[in-house]
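User: I would like to understand how charged side chains pair up in this protein. Please take me through the matter step by step.

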Amino acid sequence: MSGPRIGLALGGSGARGLAHLHVLEAFDELGVRPVAIAGCSIGSIYGAGFAAGLSARELRDHTEAMLRRRGEMAAKLMRARVGRLSDLFGAGSRNPMLLDAERLLGEVLPQAVPETFGELKIPFAAVVTDLFSKAEIVRREGALRPVIAASAAIPGVFRPIVHDGRTLIDGAMTNPLPFDALPRTSTL
């Protein structure tokens, strides 16, 4: 590649993260493919999809289809609950209001997103936060899906993800726009 090389950082912002789709569409329209992608929270979901080779249009169509089918989406959310409603009134140890991010991600992530970082077409880094040390962790290898789930595990909404011996939550808690997780320009 002789021209400029571009790295793409996609941040966390909940529903506002849908705006990432417009950025990805602009990349597609211009015929620009980033040489590296970093993401946290919703940015890790869209970033992993784009790194897997999905076009912005495919990501948008997938998102719109999920949002159009509200009944199906509500059922997916109910299936992703950590506990049962009866746990609110009994001695249950699970909070029925928390969601299991891994279970929900398995229901909503496009099938084309692979299981490991190594299977992605574009190098990708996902930012997560270690709940107990309050430290940012950047993951670039190994199992992809639990890391994406952890990166988007908003405290109070999703149960923290235990992965590789750490308790992980939303990467936006420590780095809401992980441009510094991209490789340095000399290595791009």
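User: How many salt bridges does a search of the whole structure find?

Analyst: This is a predicted model, in which local features need pLDDT of at least 70, side-chain atom pairs count only at pLDDT 80 or more, and totals for chains, interfaces and linings use all residues. Residues are numbered from 1 along each chain as its sequence is written, and side-chain values use heavy atoms, with hydrogens and water left out. A salt bridge is a side-chain nitrogen of Lys or Arg within 4 Å of a carboxyl oxygen of Asp or Glu. Searching the whole structure for such pairs gives 11.

User: Which residue forms a salt bridge with Asp164, and where in the chain is that partner?

Analyst: The closest N and O atoms of Asp164 and Arg139 are 2.7 Å apart. The pair links distant parts of the chain, 25 residues apart, with Asp164 in the loop between strand S5 (161-163) and strand S6 (166-170). Strands are DSSP runs (E, at least two residues), numbered from the N terminus. The partner is therefore Arg139, and its place is strand S4 (residues 135-139).

User: Is Arg139 buried or exposed?

Analyst: Buried means under 20% relative accessible area, exposed over 50%, and partly exposed in between (1.4 Å probe, protein chains only). Asp164, at 56%, counts as exposed. Arg139 has 14% relative accessibility, so Arg139 counts as buried.

User: Which residues do salt bridges that share partners join into one network?

Analyst: Some salt bridges share partners. The residues joined in this way are Glu25, Arg57, Arg60, Asp61 and Glu64.

Methods: Helices (H or I, at least four residues) and strands (E, at least two) are DSSP runs, numbered from the N terminus.
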